[in-house]
Amino acid sequence: MALALRTVGLEKLYPMRRGPGVRALRGVSVELESGSTLGIVGESGCGKSTLARLLVGLERPSAGSIELFDEEIVSLRRRELARSLQLVFQDPYSSLDPRLTAATAIGEVLAVHDLAGRGHERESRIDELLGMVALAPRFAGFYPHELSGGQAQRVAIARALAVEPRALVLDEPTSALDVSVRAEVINLLVRLQDELSLSYVFISHDLATVRHVADVIDVMYLGLVVESGQYDDVLGAALHPYTRALAAAVPVPDPTHGARRRVQLAGEAVPAPGSAAVTSGCPYRPRCPLAEAECALSRPELVEIRPGHRVACHVAKRDASVPAAEQA
Amino acid sequence: MSVTGLGPAPSMPGDVDLVAQPEGRQGLLRALWHSANGRVGLVLAGVVVAAAIVASFGGTPYDPQFQNAAALLQHPTWSHPFGTDQFGRDILSLVLDGLGVSLEIACLAVAIAGVIGTIAGVVAGFLGRWTSAVIMRVTDMMFAIPAILLALIVVAALGAGWLNSAIAIGVGYIPIFVRVVRGPVLALRESGYVSAGRVLGFSRRRLLFRHILPNVSGILAVQTSLALAWSVLAEASLSFLGLGPPPPTASLGEMVSQAGSLAATAWWTLAFPSVAIIVAVIGFNLLGDGLRDAIDPRTRKR
C-alpha cells in the first residue's frame, strides 16, 4: 500500500519568554495508508491539534519531517500543498467567513485555484459540490448563521473538497455539533471517502467517534504516541494503561451490559512545562496505576508487541515478553 | 464652550465585537434607528451635514461677509433669526458658513487620520513582529503628547490655514485609528476563517482585503463618526485660539472667541455659534455610539 502521509520524529516547541517553553509534540511518527483513515485520539493538550496544524502547513515543525504522497511538504508551495491536503476545522461557524454565502465561499476557492471556469460552469460545480455533501442547491445562498451546525460543517467540507484534495485532516469535525447530527456527518465522511478514495487523518478526543471511521488508531499523550495499531487491537486489547482508561470511558448503549470497571484518571492532564513528567521518564507515570520504579528512570520507546500493534509502556512490554502472563 | 474640550481624545470603542454581523445595510440602519442614541445622532448629524452642504453652495440667507452698517448687534428678528454681530453681519449666515468650513476641515482631517491610521494599524496587526513593534512604539509616542498639543505643534510649524488645520487635527487622531484597527486585525489574523483561508491556499493580499478588512469596516464606521465629532471640536478650539483659517473665512471657534467680550450685552453672538458646535459634536458622537450598538450584537436590543 502506498503511503498518503508520513511524519518522522515530528517535534513542535512553543518557546516562552521565561522557562523551557511548551513541547507540544515530542517526536511523533505516524503513517497514513492511501485510502484509509488514521484516527488520532487523546485528551486536550496532548498535541493532536498541533499535529493537524503542522500537517496542513499552518505552522512549521521545530524538528522532524512530513511527507505527503512521498514529497516533503517543505518543498511544496502553499498552493500545491492546499491542492492535495485540506483541513476541516472543529467549529464550522468560525472557519467560515460570516459575510460569505455558501456559494461565495466555495466559489472563491474555485477562483483562487482556477478550477471550474467561470459563470454558469462554476455555478454548476458549486451545486455539484453541495450535492456531494447532501445539501440542496437552495443552500447556496445561505450565510453561515442561517445554517445549522451540521449544515455549516457540510459547507466547510464542500469548500475543502472544492480543490479536489487527495487527503483530508479532520480536526474534531463533529465535536462542535449536536449529538443528533454527528452520525450524519460521520456517515457522510465515510461515503465521501469511498466515492473519492480520500485518505483521512481523523482527530478526536473521543474513542467512540473514532471507532466508526478509523482503520488505524494512534493514541497520543503529552506530545507522544503511546499506542498504535489496528482499531480492533487498540480498542479491544489495549496494552497501554492510558488507552485502557480511554476505552473504559466509552459509554456502552446497553443497560443489560452491567457496570463496567471504570478507570478514574487522577491528576492534571497537562503538567506545567518543565515538570518531571515532561522532562524524564514516562509522561503518564504520575497518573498511572501500574507505575514502577523504572518508569521514572527512562522514557519507554514505542515498540511492536504484536504485529502492527505498538505500545510505549515498560510494564506492557515486560508483561508481553513473558509468555505465561496472558493479557486480558 | 471651553478650550479644555479639546484636551483628551475620545475613548476607543475597544469592546466592539470583532466580527460585523452579516445582516446587510438595511438591518444595520434599522438597528441604528431603534437605538435612542442612534436615532438622535442620525437626526442631529443629518441636520448639521445638510446645513453645511447648503452653506457650501452659497445657500445662506445673506452673504456671510456682508456688513450692514444699519443693523449692528441686532436682536434675533424675523429678518435675522440669529441676530447680527458688531459689524452688522447676519449670524445665521455666518454659522451656516462656519459649519460648512468646519465640516470640510473635519472630513479632510478624518480622511487623513483614517487612511494613514488604518493602513498603519492593518500593517501592524498583519505583518511581523518587528514592523508591528516599530509602528506601535511610534503610536505610543504620539499618544504620550496630548492631541491638542500635537495639533498646536503642527499648526505652529506649518502656519495657520484651512489645509494646515486639517493636517494638524488629522495627525492628532492617527494613533487612535492605529490602535482601534490593529486589535481586531490581530485577532482576525488568528481567527478560524483566516486560518481556513491559509489552508485553502489564499494569498496574504486576498486574506487581508477580502476577509480581514471587510470585517473591521463596522469598527471603522464607528470610529469615523467619533473622529468627526472630535475634529469639529478640535477645529473650533484651534480657531478659538486664533490658529484656525485666517479671516475672512468663517469659523465657529473664532466667532465664539470674538463674542466673549460682547456676550454680556449681546448674548446671541455667543449662543448660536456655540450651539452649532455642540449640536455637531453631540450629533456625531451619538451617531458613533448608535453605530457601535447597532454593530455589536451583544448590546443590540431585539
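**Packing of two helices in chain B**

In this predicted model, the axes of helix 9 (residues 252–259) and helix 10 (residues 267–295) of chain B come within 9 Å and cross at roughly 150°, where axes are lines fitted to C-alpha atoms over the stretch in contact and angles run from 0 to 180 degrees between N-to-C directions. Helix 9 and helix 10 of chain B are therefore roughly antiparallel to each other, a term used for angles over 145 degrees. On the side of helix 9 of chain B, the contact is made by B:Leu252, B:Met255, B:Val256 and B:Ala259, and helix 10 of chain B contributes B:Thr269, B:Leu270, B:Pro273, B:Ser274, B:Ala276 and B:Ile277; two residues are in contact if their C-beta atoms, placed from the backbone, lie within 7 Å.

Chain B as a whole has 10 helices and zero strands, helices being DSSP runs (H or I) of at least four residues and strands runs (E) of at least two, numbered from the N terminus. Of the 302 residues of chain B, 51% count as buried, that is, 20 or more other C-beta atoms lie within 10 Å of their own, with C-beta atoms placed from the backbone. Among contacts in chain B between residues at least 6 apart in sequence, 74% join residues at least 24 apart.

Residues are numbered from 1 along each chain as its sequence is written, and chains are lettered from A and ligands numbered from 1 in the order in which they are written.

Conventions: This is a predicted model: local features need pLDDT of at least 70, side-chain atom pairs count only at pLDDT 80 or more; totals for chains, interfaces and linings use all residues. Angles under 35 degrees count as roughly parallel, over 145 as roughly antiparallel, 65 to 115 as roughly perpendicular and the rest as oblique. A residue is buried if 20 or more other C-beta atoms lie within 10 Å of its own, exposed if 12 or fewer, and partly exposed in between; C-beta atoms are placed from the backbone.
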